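Hi there,

Here is the structure I promised to pass along. Have a look, and my notes follow below.

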Amino acid sequence: MSKVIIIGGGAAGMFAAITAARQGQEVHVYEKNEKLGKKLFITGKGRCNITNACDMDTLFDSVITNSKFLYSSFYGYTNQDVIDFFENIGVQTKTERGERVFPQSDHSSDVIATLQRTLKNKGVTVRLHTKAEHLEIEEGKVRGVKTSNGTTYPADAVIIATGGYSYQTTGSTGDGYRFAKKSGHTIAPLSPSLVPMTVKEDYCMQMQGLSLKNVEVKIKDGKKVLFEEFGEMLFTHFGVSGPLILSASSVVNDKIRKKELAMEIDLKPALPEEKLDARILRDFEENKNRQFKNSLAGLLPAKMIPVMIELSGIKPEKKINEITKEERRRLVNCIKHFPMTLTGLRDYNEAIITRGGVAVKNIDPSTMQSKFVKGLYFAGEVIDVDAYTGGFNLQIAWSTGYLAGSSVEK
């Protein structure tokens, strides 16, 4: 039996602890917060998107950074294994649109409570309000952990599962990066990811709170298309958010931190321009004696109408029967290519995850053990891997936590 200390009581840490305990290890979880799973509590808007029930190819395709590194993790503990695990410990699940898996209760607190109960049943010691300050390493092997009160606790293995920088109110303050760097590991550049983006145009604020469904977003760097996807988005006081935008932020992350990017929204992706023009012509025919500003209610959300009028260049008071074919074409173009300029990312407090982290070249992908320090393992967001929204990042946490926990030598 080995004594294992796990730094961090989030998804990856709890899963590593349960797995190591099942292997017969003596397991201790050190969590600096007052409770376990603080970030897990707010995932999926408090509903906890446990995983994604997609096939393995889609799972790997949904990882944006270093997907090949996760081969052993994902196949060693699949998304179906995760679903089975939770079902077996009393969390009934359901699968929703996009293959996203949630607890049937829609409460992340049920997931956390069940994990805590499992930790207790497996004899895991949980130390809350305990901040790890320093790793004790001798002759290339981890020997223990020193906490902020100055006490050193010996250990045969240490698993770092401290998360990233995102949602710092949950305790994600980058401690794991500090431990890793101090022990000789490289940290890939960090940035907020799955995060809202800022927009240059003032008219964005006019549409604050407006949610768009079934639209297509395209983001370009000059003529090169960086991102093109269909789904939902939201206008905010600073720019844009929502599922489409969060996913886009992962793809354009490197570019947007260096330069502005052009974004366009196709508000009617189901209609080619000719059919949209015919639809508008029919609407105009029914409203031919109205002013232009009063003719768009059937076509666009109310908050968007003043902005669309401005962009189209058509005078708001102009009678419908006076609008020229060229003006109508301009309106069609605005609806199919609604223009915005992306200027940057919001900060870590609004980011779902952190991009970057402990370089995968420093970690053995078949065990999650450090290549430099024997007995030191990494799991979860602290590693330089990240994925789209939809349960994929939690799957990374479960899979890497399982692999780290099961790889500790007895």
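Which side chain does Lys32 join in a polar contact of 2.9 Å? The partner is the side chain of Asp175; a polar contact here is a pair of N or O atoms within 3.5 Å, where, within protein, one must be able to donate a hydrogen and the other to accept it, and residues adjacent in sequence count only if both atoms are side-chain atoms.

Before the rest, a word on the source. This is a predicted model, in which local features need pLDDT of at least 70 and side-chain atom pairs count only at pLDDT 80 or more, while totals for chains, interfaces and linings use all residues. Residues are numbered from 1 along each chain as its sequence is written, and side-chain values use heavy atoms, with hydrogens and water left out.

Back to that pair. Asp175 and Lys32 also meet in a salt bridge (2.9 Å, N to O), meaning a side-chain nitrogen of Lys or Arg within 4 Å of a carboxyl oxygen of Asp or Glu. The two residues are 143 apart in the chain, Asp175 in helix 7 (residues 175-182) and Lys32 in the loop between strand 2 and helix 2. Helices (H or I, at least four residues) and strands (E, at least two) are DSSP runs, numbered from the N terminus. Asp175 counts as buried because its relative accessibility is 11%, whereas Lys32 is partly exposed at 26%; buried means under 20% relative accessible area, exposed over 50%, and partly exposed in between (1.4 Å probe, protein chains only).

The structure holds 27 salt bridges. Here are two others:

- Glu96 and Arg47 meet at 2.5 Å, N to O. Glu96 sits in strand 5 (residues 93-96) and Arg47 in the loop between helix 2 and strand 3 (51-52), so the pair ties together parts 49 residues apart in sequence.
- Arg328 pairs with Asp277, with the closest N and O atoms 2.7 Å apart. Arg328 belongs to helix 13 (residues 325-336) and Asp277 to helix 11 (residues 273-286), so this bridge ties together parts 51 residues apart in sequence. Both Arg328 and Asp277 are buried.

Through shared partners, salt bridges also join Lys32, Glu133, Asp175 and Arg178 into one network.

A polar atom of the Gln25 side chain lies 2.9 Å from the backbone nitrogen of Ser2. Gln25 is buried because its relative accessible area is 6%.

Best wishes
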